[in-house]
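I'm going through charge pairs and then the nonpolar packing.

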Amino acid sequence: MQQTSFIFDLDGTIWDSRPWFEKAICHLSTATAATITREFASEGNFVRVANNLGIKPLQLIRLATKGTVGTVLRYDGVKSTLAKLQSQEVLLGIASNLPGNLARAHLSATDLLQYFDEKYIVTPRRGIPSKPNPRGINELIRRMNQQYVPETYWLIGDAISDAEAAIAAEVKFIWASYGYTKEEPPKTSRAFKRFDELLEL
């Protein structure tokens with residue numbers, strides 16, 4: 001019997017990055033708090049909001065690496081849950097729409113990078129579009145195990161794009177209801193109010 005494997009989104013699932021992006025954008029631009037709030041409401045993607053305001057990913061990466069405006073806020077129970085899963089030799093992966101180096105900078109700053117093998121972190125690049133395209137999840141599963149057994153994989157995310165990617169990749173979806181999206185996506189297999197509910201699966 002194959003062991004269950006977990007694939008995680010980051011923003012709205014592992015951590016709350018909105019306060020960090022607000023501070024970062026204020027630090028790197030002349031945008032007002034009202035402008036940033038309006039952009040977040042209409043765009044939804046924090047990196048695209050920064051880009052709309054003239055901020056490049058490399059600037060965000062440098063800021064995250066230096067910790068100039070602090071770091072993203074881990075949700076309760078994330079570190080202890082990941083440590084427990086790692087001790088049980090559960091395979092843990094990441095499929096995020098964040099730029100790769102920005103994701104790694106935040107993982108390092110939040111002391112979470114230790115729980116993820118580098119080859120199990122998949123972010124958008126040439127040939128791997130952002131979610132809801134399932135290609136990143138498929139690539140991650142290929143790296144985790146050459147024998148593709150969808151029912152052994154769970155994708156944990158908060159957004160409709162996460163759910164759509166999971167459905168397209170034929171893996172089960174857990175909705176992080178504590179994240180940014182407040183309406184349960186279609187075809188959700190489980191809905192969690194806390195990250196540590198993973199230990200009850």
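Is glutamate 22 buried, partly exposed or exposed? I looked it up: glutamate 22 has 27% relative accessibility, so it counts as partly exposed (buried is under 20% relative accessible area, exposed over 50%, partly exposed in between, with a 1.4 Å probe and protein chains only).

Ground rules, before I go on. This is a predicted model, where local features need pLDDT of at least 70 and side-chain atom pairs count only at pLDDT 80 or more, while totals for chains, interfaces and linings use all residues. Residues are numbered from 1 along each chain as its sequence is written, and side-chain values use heavy atoms, with hydrogens and water left out.

Entry on salt bridges. I take a salt bridge as a side-chain nitrogen of Lys or Arg within 4 Å of a carboxyl oxygen of Asp or Glu. That rule gives me 10 salt bridges.

Entry on arginine 18. I find it in a salt bridge with glutamate 22, with 3.1 Å between the closest N and O atoms. Both residues sit in helix H1 (residues 18-28), four residues apart, about one turn of the helix (helices are DSSP runs of H or I with at least four residues, strands are E runs of at least two, numbered from the N terminus). Arginine 18 is partly exposed too, at 30% relative accessibility.

Entry on glutamate 118. Its salt bridge partner is arginine 104, and the closest N and O atoms are 2.7 Å apart. This pair links distant parts of the chain, 14 residues apart: arginine 104 is in helix H6 and glutamate 118 in the loop between helix H6 (100-109) and strand S5 (121-122). I note glutamate 118 as partly exposed at 46%, and arginine 104 as partly exposed at 21%.

Entry on lysine 131. I see a salt bridge to aspartate 162, the closest N and O atoms lying 2.7 Å apart. Lysine 131 is in the loop between S5 and helix H7 (135-144) and aspartate 162 is in helix H8 (residues 160-169), so the pair ties together parts 31 residues apart in sequence. Lysine 131 is buried at 8%, and aspartate 162 is buried at 2%. Through shared partners, salt bridges join Asp9, Lys131 and Asp162 into one network.

Entry on packing. My core rule is buried Ala, Val, Leu, Ile, Met, Phe, Trp, Tyr and Cys residues joined through side-chain atoms within 4.5 Å. The largest nonpolar core has 47 residues, and Phe8 and Trp20 touch the most other members. A second, separate core of 18 residues includes Ile7, Leu140, Met144 and Ala165.
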